[in-house]
Amino acid sequence: MTPYRQFLERLRSPEPLLALAPMQDVTDLPFWTLLHARGGPDVYWTEYFRVTATWRPEKWILRSLVENPTGRPAIAQLIGNDPEALARAARVLQEYPVAAIDLNLGCPAPVVYRKCAGGGLLRDPARIDAVLGALRDAVSVAFTVKTRLGFADTAEFESLLPIFARHSLDLLTIHGRTVAQMYRGDVHYDLIAGAAARLPFPVLANGNVGTPERATEVLDRTGVRGLMIGRGCIRNPWLFDQIRAHRRGGTVVPPTGREVLGYIDDLWRVTEPPESRERLQVEQMKRYLNFIGQGVGSTPAEAEAFLHRVRRTTTRDEFFGVCRDVLDHRDPMPLRPHPAVAAAKNEMECIPVCS
Ligand SMILES: Cc1cc2nc3c(=O)[nH]c(=O)nc-3n(C[C@H](O)[C@H](O)[C@H](O)COP(=O)(O)O)c2cc1C
């Protein structure tokens, strides 16, 4: 069965669809593999392909599509603002095993939105209309969009909905914040619910779903077809399976400290380049640990103390020494986010230029 067919069948099944959010420099092939080994989402999104007039597919992102080891459908995300270039890119990418072509309408990085791409496009509805029209014509697998609620104000969302509806999307993912909100502040689930009720195609809710209970609450409150999850599954790669268990009314089994340690060990192994430089690899690991550390310990202070120690390490031995100190045990680790830590400046620092 083609990934497209597989995706359509999954969309038709009664269970909520659980999707991995695209995350630049994170959701690459090695990360997909680690997630899949722990249950994994129903559908994988690539990092975005940055499409310009002279675009050639980024080889490392193509690799995720060609070597996808999960057996589950993968969706290729595009970012750009040139309708012709985007349509050409979509045609090229459909020669690879993709379930859908997705357009990024949410990137809040100034370097991107000032060029009127990603979240910047939300300031130019006429351009969105042209881009969606060109892509709809070029895409014969599923065509999906990932948007925010507007650029500066959630009031803009109302005028975006008819544009999405006009182009008969196959799926719309809504990150319930504006571009100006970046990754902070309330997620407007009420606006996601309103869109899901009115649009003639399925909607996924995105933003701050970090526990199985929150997943069920958002699904029930919004009536969406499913959820897209980003930071929560870097912190807790078992989250997708935990959500499935919670929906079935089964027991949610948290990992043990040693299993979390095993995850960190796997992250080191799969992200280590062949010509690895130890110091750089430790820095690379700190980007993941900024998310994982938010769920360590039973208080914000314990999580902060762990992260503080991790940030001071410079060698592999020091890094794993700190991790073993805190995680080498058989106690359950719920990996719930401590809100005060989740808002820490360091989390923002590990979000790359465009996201
Ligand atoms: C490190 C990082 C990289 C991201 N890269 C992308 C990206 O390439 N494309 C995209 O549409 N969103 C990107 N995002 C946004 C996420 O897909 C998601 O919308 C956002 O994190 C909110 O969901 P969450 O609360 O579940 O993390 C990125 C987010 C993070 C944290």
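Analyst: Let's start with Tyr48, whose bridge partner in strand S3 is Gln77. Before going on, keep in mind that this is a predicted model: local features need pLDDT of at least 70, side-chain atom pairs count only at pLDDT 80 or more, and totals for chains, interfaces and linings use all residues. Residue numbers start from 1 along each chain, as its sequence is written.

The strand to look at is S2 (residues 43–50), which pairs with S3 (residues 74–79) in the parallel sense over five bridges. Strands (E, at least two residues) and helices (H or I, at least four) are DSSP runs, numbered from the N terminus, and two strands pair if DSSP finds at least two bridges between them. S2 also has strand S1 (residues 17–20) as a parallel partner, joined by two bridges. There, Leu20 stands opposite Tyr44 of S2. S2 is mostly covered, with seven of its eight residues buried. Buried means 20 or more other C-beta atoms within 10 Å of the residue's own; 12 or fewer is exposed, in between is partly exposed, and C-beta atoms are placed from the backbone.

Now for a loop. Leu121 sits between helix H5 (110–113) and helix H6 (125–138), and it counts as buried because it has 26 C-beta neighbours inside 10 Å. Skipping neighbours within four places in sequence, Leu121 is in contact with Asn81, Leu105, Cys116, Arg127 and Ile128. Contact here means that the two C-beta atoms, placed from the backbone, lie within 7 Å. Val131 is 10 residues from Leu121 in sequence, and their C-alpha atoms are 9.7 Å apart in space.

Zooming out, the domain assignment, which is automatic or from a database, gives domain 1 (3–248) and domain 2 (257–349). Their C-alpha centres lie 27 Å apart. Where they touch, 12 residues of domain 1 are in contact with 15 residues of domain 2. On the domain 1 side, helix H2 (29–36) and helix H10 (231–235) are the elements giving two or more residues.

One last stop: helices H13 (residues 278–292) and H14 (residues 300–311) pack at an angle of about 180°, with axes 10 Å apart. The axes are lines fitted to C-alpha atoms, for helices over the stretch in contact, and angles run from 0 to 180 degrees between N-to-C directions. Lys286, Leu289 and Asn290 of H13 meet Leu307, Val310 and Arg311 of H14.
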